[in-house]
Amino acid sequence: MFVINKETKEVLVTAFALFSLFFGAGNLILPPLLGNKSGELWWLVALGFCASAVLIPIMGIMAHAKLQGTIFDFGKKVSPTFGLIYSLLIYIISISLPSPRTAAVTHEMAIQPFFDSPPLLTSIIYFSLVFVFVINRSKILDILGKLLTPAIILILFLIIGTAIFSYDFVFNETVFPNPFSDGILEGYQTFDAIGAVVVGGVIIVSINLKKKNASYDEKKRLIRRSGRLAGLSLFLIYAGLIVTGALMQGEFSADVSRTALLSGISLKTLGGTANLFLSILVSLACFTTAVGIVTGTADFIKYRFHDSQPVYLATAILGCVLGILMGQFNVGYIIAVALPALMFIYPITIVLILLNIVPNKFASEKVFRAVVITTIIFSVPDFLGSIGLTETISKVQFFIPLSPYSLGWVLPAGVVFVAANLLQKKQS
């Protein structure tokens with residue numbers, strides 16, 4: 001009889017918790033369309049996507065393991081004011097974009113195919129229910145979340161397996177001019193690096209409560225092993241969905257939407273019953289995500305105002321109103337609106353994660369400030385390009401390496417990191 005020892009069990013439980021943290025239902029709609037457009041270069045697109053949607057978020061958890069704090073602690077080395085402004089920006093973006101997107105996904109996957117009702121009605125009902133759960137803090141969603149993720153994973157593996165064994169490995173040409181960088185930028189839309197910074201601390205707190213007598217190194221080893229396992233699982237599913245989309249490229253029109261493609265792939269591989277079941281599961285998982293985002297935001301603002309319950313209530317109302325206003329738009333529109341915000345905030349988030357991972361001797365307050373300021377400055381052209389001002393910044397982009405790929409911040413941040421450390425070493 002196969003027996004799992006205590007340490008292995010702890011790793012598996014923690015890995016599943018991490019996987020559930022990052023595996024949002026909204027993420028499911030991204031890889032299939034990415035694969036559908038990537039053609040024969042699906043593997044290169046998958047590597048880019050997983051770099052920003054798997055590797056960076058898992059590093060965010062490693063950073064949390066080191067900090068043992070909150071989102072504020074990620075940026076406080078730059079300055080306490082920056083840490084607060086960064087935290088507020090992250091929460092504002094979260095309740096304005098990924099939270100409403102869950103309502104849009106629910107409408108397009110579970111309502112629109114069966115009912116002739118407007119998306120605004122769906123959004124109103126959806127966030128009215130979200131508000132009820134946020135105010136009452138029901139544990140039902142926590143229990144439901146533990147059941148939803150395994151069920152969705154099972155269906156996804158069936159879809160991926162059926163596609164791989166049913167279709168010939170013949171691919172069309174890619175439509176992406178820069179497959180790897182395009183994969184990276186699409187990975188931004190998962191919001192998982194932000195998720196790691198915002199709620200990754202919850203996992204750390206949970207481990208501390210369960211293993212009070214464990215040493216720092218024991219906890220660190222548990223988090224690392226769990227992180228690697230969770231990251232591998234995410235990589236397999238994301239890569240599997242991308243290759244599935246690539247294999248079925250000829251089955252759908254070129255202008256198919258993300259939600260329609262996911263539903264179509266499910267229908268063609270597993271049939272109508274499984275597709276309906278997947279739609280329901282995805283909708284419920286979206287709902288738990290929205291409740292988590294609004295609750296987390298309200299908790300943060302409440303804490304900043306000395307645990308004021310009226311402030312918590314006001315923030316919850318604001319979060320749900322924003323959800324209704326944005327949630328009535330289609331998923332494609334919300335993703336397009338999110339891009340400029342992500343082009344600005346994601347590089348900063350990635351840099352903060354990396355700076356909090358490296359040994360403290362290489363990440364002093366001066367290094368933090370220099371690298372973060374550089375990242376902000378060199379993210380501006382990418383931000384302007386994402387709002388349609390490409391021609392205006394084309395001359396500037398010519399002088400910035402990787403800027404044509406919307407990654408102009410990468411090399412300058414790296415150079416400043418090395419230079420700041422060399423200068424600090426020389427002065428000491």
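## Exercises: cavity, pocket and core

A65, Q68, Y216, K219, K220 and I223 line the largest cavity. This is a predicted model, in which local features need pLDDT of at least 70 and side-chain atom pairs count only at pLDDT 80 or more, while totals for chains, interfaces and linings use all residues. Residues are numbered from 1 along each chain as its sequence is written, and side-chain values use heavy atoms, with hydrogens and water left out.

**Exercise 1. Describe the largest cavity.**

Step 1. Define the terms. On a 1 Å grid over the protein atoms alone, a cavity is a set of points where a 1.4 Å probe fits but cannot get out; a pocket is an open set with protein on both sides within 12 Å along at least five of seven lines; lining residues have an atom within 4 Å of a point.

Step 2. Take the volume, the space filled by probe spheres set on the points, with grid points joined across faces, edges and corners. The largest cavity comes to about 30 Å³. The whole structure has one cavity of 30 Å³ or more.

Step 3. Assign the lining. Helix α11 (residues 216–247) gives the largest share, four residues. Helices are DSSP runs of H or I with at least four residues, strands runs of E with at least two, numbered from the N terminus.

Step 4. Sort by class. Three lining residues are nonpolar, one is polar and two are charged. Ala, Val, Leu, Ile, Met, Phe, Trp, Tyr, Cys and Pro count as nonpolar, Asp, Glu, Lys and Arg as charged, and the others, Gly among them, as polar.

**Exercise 2. Characterise the second largest pocket.**

Step 1. Its volume is about 400 Å³. Of its 20 lining residues, I56, I350, L354, W409 and V410 are the closest to the centre.

Step 2. α3 (42–67), α9 (179–188), α15 and α18 (410–427) each give two or more residues. α3 gives the most, five.

Step 3. The lining holds 18 nonpolar residues, two polar and no charged.

**Exercise 3. Locate Y86 in the largest nonpolar core.**

Step 1. Such a core is a set of buried Ala, Val, Leu, Ile, Met, Phe, Trp, Tyr and Cys residues joined through side-chain atoms within 4.5 Å. Buried means under 20% relative accessible area (1.4 Å probe, protein chains only).

Step 2. The largest core has 112 residues, and Y86 is among those with the most contacts inside it. Helix α15 (residues 331–357) gives the most to this core, 14 residues.

Step 3. Beyond four places in sequence, Y86 is in contact (heavy atoms within 4.5 Å) with I71, V197, I345, I348, T349 and L352.

Note on methods: Buried < 20%, exposed > 50% of the residue type's maximum accessible area, 1.4 Å probe, protein only.
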